[in-house]
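Subject: Structure handover

Hello,

My notes on what turned up follow below it.

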Amino acid sequence: MKLSARNQLKGKVLAIQKGATTSHVSIELTGGAVVMASITNEAVADLGLEVGQPATAVIKASDVMVGVD
């Protein structure tokens with residue numbers, strides 16, 4: 001995965017809390033810190049996100065996106 005965003009934090013999916021249209025995805029980084037991203041439920045499905053899966057938090061401006069290989 002190549003992105004122009006420089007702030008890419010690798011970790012694993014710790015939790016996925018689904019709401020009506022949006023999910024909160026918690027990613028545990030190396031060292032134990034946790035980053036949370038709010039993404040659509042459709043994005044969770046499209047990325048095939050599951051707890052325990054490796055994922056990357058991509059931070060651009062004030063948004064946190066999630067990327068997987």
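Buried residues make up 28% of the 69 residues in the chain. Buried means under 20% relative accessible area, exposed means over 50%, and partly exposed lies in between (1.4 Å probe, protein chains only).

Some ground rules. This is a predicted model, where local features need pLDDT of at least 70, side-chain atom pairs count only at pLDDT 80 or more, and totals for chains, interfaces and linings use all residues. Residues are numbered from 1 along each chain as its sequence is written, and side-chain values use heavy atoms, with hydrogens and water left out.

**Overall**

The chain has one helix and five strands. Their order along the sequence is β-β-β-α-β-β. Helices (H or I, at least four residues) and strands (E, at least two) are DSSP runs, numbered from the N terminus.

The radius of gyration is 11 Å, which agrees with the value near 11 Å for a compact globule of 69 residues. That radius is taken over C-alpha atoms, and the globule rule is 2.2 Å times the number of residues to the power 0.38. The C-alpha atoms fill a box of roughly 30 × 25 × 20 Å along the principal axes.

Accessible surface comes to about 4500 Å², and 52% of it belongs to carbon and sulfur atoms. Areas come from the Shrake-Rupley method with a 1.4 Å probe; for residues, only the protein chains shown count as cover.

Of the contacts between residues at least 6 apart in sequence, 41% join residues at least 24 apart. Contact means heavy atoms within 4.5 Å.

**The E2-E3 hairpin**

E2 and E3 run antiparallel, joined by seven bridges. Two strands pair if DSSP finds at least two bridges between them. Four residues separate them in the hairpin, and Gly 31 in the turn has a positive phi of about 100°. Thr 22 stands opposite Thr 40 in E3.

In a regular strand the side chains alternate between the two faces of the sheet. E3 (residues 34-40) alternates: Val 35, Ala 37 and Ile 39 point to one face and are buried.

Ser 26 sits in E2 (residues 22-29). Its relative accessibility is 9%, so Ser 26 counts as buried. Beyond four places in sequence, Ser 26 contacts Lys 12, Val 13, Leu 14, Ala 15, Val 34, Val 35 and Met 36.

**The core**

The largest nonpolar core has twelve residues: Val 13, Val 25, Ile 27, Leu 29, Val 35, Ala 37, Ile 39, Val 44, Leu 49, Ala 55, Ala 57 and Val 66. E2, E3 and strand E4 (54-60) are the elements that give two or more residues to this core. Such a core is a set of buried Ala, Val, Leu, Ile, Met, Phe, Trp, Tyr and Cys residues joined through side-chain atoms within 4.5 Å.

Val 44 belongs to helix H1 (residues 41-47). Val 44 is buried, because its relative accessible area is 3%. Setting aside residues within four places in sequence, Val 44 contacts Ile 16, Lys 18, Ser 23, Val 25, Ile 39 and Leu 49. Val 44 and Ile 16 are 28 residues apart along the chain, with 8.7 Å between their C-alpha atoms.

**An exposed lysine**

Lys 10 lies in strand E1 (residues 7-18). Its relative accessible area is 59%, so Lys 10 is exposed. Not counting residues up to four places away, Lys 10 touches Leu 29, Thr 30, Ala 55 and Thr 56.

Best wishes
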